[in-house]
Amino acid sequence: MTSLPKSLPQCFALFAAALLTSSPAWAQAPAADSHSAHHPAANEQQADLSEGEVTRVDAAALKVTLRHGELKNLNMPPMTMVFRVQDAAQLAPLKAGDKVRFRAEQVKGAYYATRIEKAQ
């Protein structure tokens with residue numbers, strides 16, 4: 001039968017020895033909260049964009065109407081709908097008929113085009 005340590009320094013020494021002799025596998029696991037996790041690769045960001053066509057631009061109301069394909073991130077089928085934007089500058093280069101790539105998000109029940117660019 002092993003005896004229990006009788007003092008705090010003995011407890012600390014026993015704890016330290018247990019840590020040093022345990023498997024180091026936990027130290028090798030990548031951190032889910034690493035800095036690189038916050039910056040997806042450029043090709044992943046491109047994959048997040050959906051394709052669409054501008055049918056109407058209303059810069060004064062900060063809205064753009066898009067005929068779009070499937071929006072996978074929103075689980076939405078192809079359709080034509082109005083999206084809000086945060087800034088009229090996002091709409092300045094756009095006109096009806098332009099092919100675009102965009103990122104759609106739902107914020108408090110409203111749909112926003114958070115990123116929008118002319119398709120190449």
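At 54% relative accessibility, Glu51 counts as exposed, yet the side chain of Glu51 meets that of Arg101 in a salt bridge, 3.5 Å from N to O. Glu51 belongs to strand E1 (residues 50–58) and Arg101 to strand E4, so this pair ties together parts of the chain that are 50 residues apart in sequence. The structure is a predicted model, and its chain comprises three helices and five strands. The points below treat the architecture, the strand pairing, the nonpolar core, individual residues, the salt bridges and the confidence of the prediction.

**Overall architecture**

- Along the sequence, the elements follow the pattern α-α-α-β-β-β-β-β.
- The chain has 120 residues, of which 22% count as buried.
- Among contacts in the chain with a separation of 6 or more, 49% are made by residues 24 or more positions apart.

**Strand pairing**

- Strands E1 and E2 run antiparallel and are joined by six bridges.
- The bridge partner of Val57 is Val64, which lies in E2.
- The hairpin of E1 and E2 has four residues between the strands, and in this hairpin Leu62 takes a positive phi near 60°.
- Strands E2 and E3 also pair in the antiparallel sense, over six bridges.
- Across this second pairing, Leu66 stands opposite Met81 in E3.
- In a regular strand, side chains alternate between the two faces of the sheet.

**The largest nonpolar core**

- The largest nonpolar core holds 15 residues, and those that touch the most other members are Val64, Leu66, Phe83, Val100, Phe102 and Ile116.
- At least two residues of this core come from each of strand E2 (63–68), strand E3 (79–84), strand E4 (99–107) and strand E5 (110–118).
- Strand E4 gives the most to this core, with three residues.
- Beyond its neighbours within four places in sequence, Val100 is in contact with residues including Ser50, Val54, Leu66, Leu94 and Ile116.

- Leu94 is placed in the loop between E3 and E4.
- With a relative accessible area of 8%, Leu94 is buried, because the cut-off for a buried residue is under 20%.
- Leaving aside neighbours within four places in sequence, Leu94 is in contact with Val54, Val57, Val100, Ile116 and Lys118.
- Leu94 and Ile116 are 22 residues apart along the chain, and their C-alpha atoms are separated by 9.4 Å.
- Thr65 is found in strand E2 and counts as buried at 14% relative accessibility.
- Apart from neighbours within four places in sequence, Thr65 is in contact with Glu53, Val54, Thr55, Arg56, Thr80, Met81 and Val82.

**Salt bridges**

- Side chains of opposite charge can pair when their charged atoms come close.
- The count for this model comes to seven salt bridges.
- In the pair described at the outset, Arg101 is buried, with a relative accessible area of 18%, whereas Glu51 is exposed.
- Arg67 and Glu53 also meet through their side chains in a salt bridge, at 3.2 Å from N to O.
- Because Arg67 lies in strand E2 and Glu53 in strand E1, this pair ties together parts that are 14 residues apart in sequence.
- Arg67 counts as partly exposed, at 44% relative accessibility.
- A further salt bridge links Asp98 and Lys95, whose closest N and O atoms are 3.0 Å apart.
- Within this pair, Asp98 is buried at 9% relative accessibility, while Lys95 is exposed at 52%.

**Confidence of the prediction**

- The average pLDDT of the chain is 79, and 61% of the residues score at least 70.
- The pLDDT is below 50 over residues 25–31, a stretch with zero contacts in the model beyond near neighbours in sequence.
- Residues 41–45 likewise have a pLDDT below 50, and this stretch has two contacts in the model beyond near neighbours in sequence.

Terms used. Residues are numbered from 1 along each chain as its sequence is written. This is a predicted model: local features need pLDDT of at least 70, side-chain atom pairs count only at pLDDT 80 or more; totals for chains, interfaces and linings use all residues. Side-chain values use heavy atoms; hydrogens and water are left out. A nonpolar core is a set of buried Ala, Val, Leu, Ile, Met, Phe, Trp, Tyr and Cys residues joined through side-chain atoms within 4.5 Å. Buried means under 20% relative accessible area, exposed over 50%, partly exposed in between (1.4 Å probe, protein chains only). Contact means heavy atoms within 4.5 Å. A salt bridge is a side-chain nitrogen of Lys or Arg within 4 Å of a carboxyl oxygen of Asp or Glu. pLDDT is the predictor's confidence in each residue, from 0 to 100. Two strands pair if DSSP finds at least two bridges between them.
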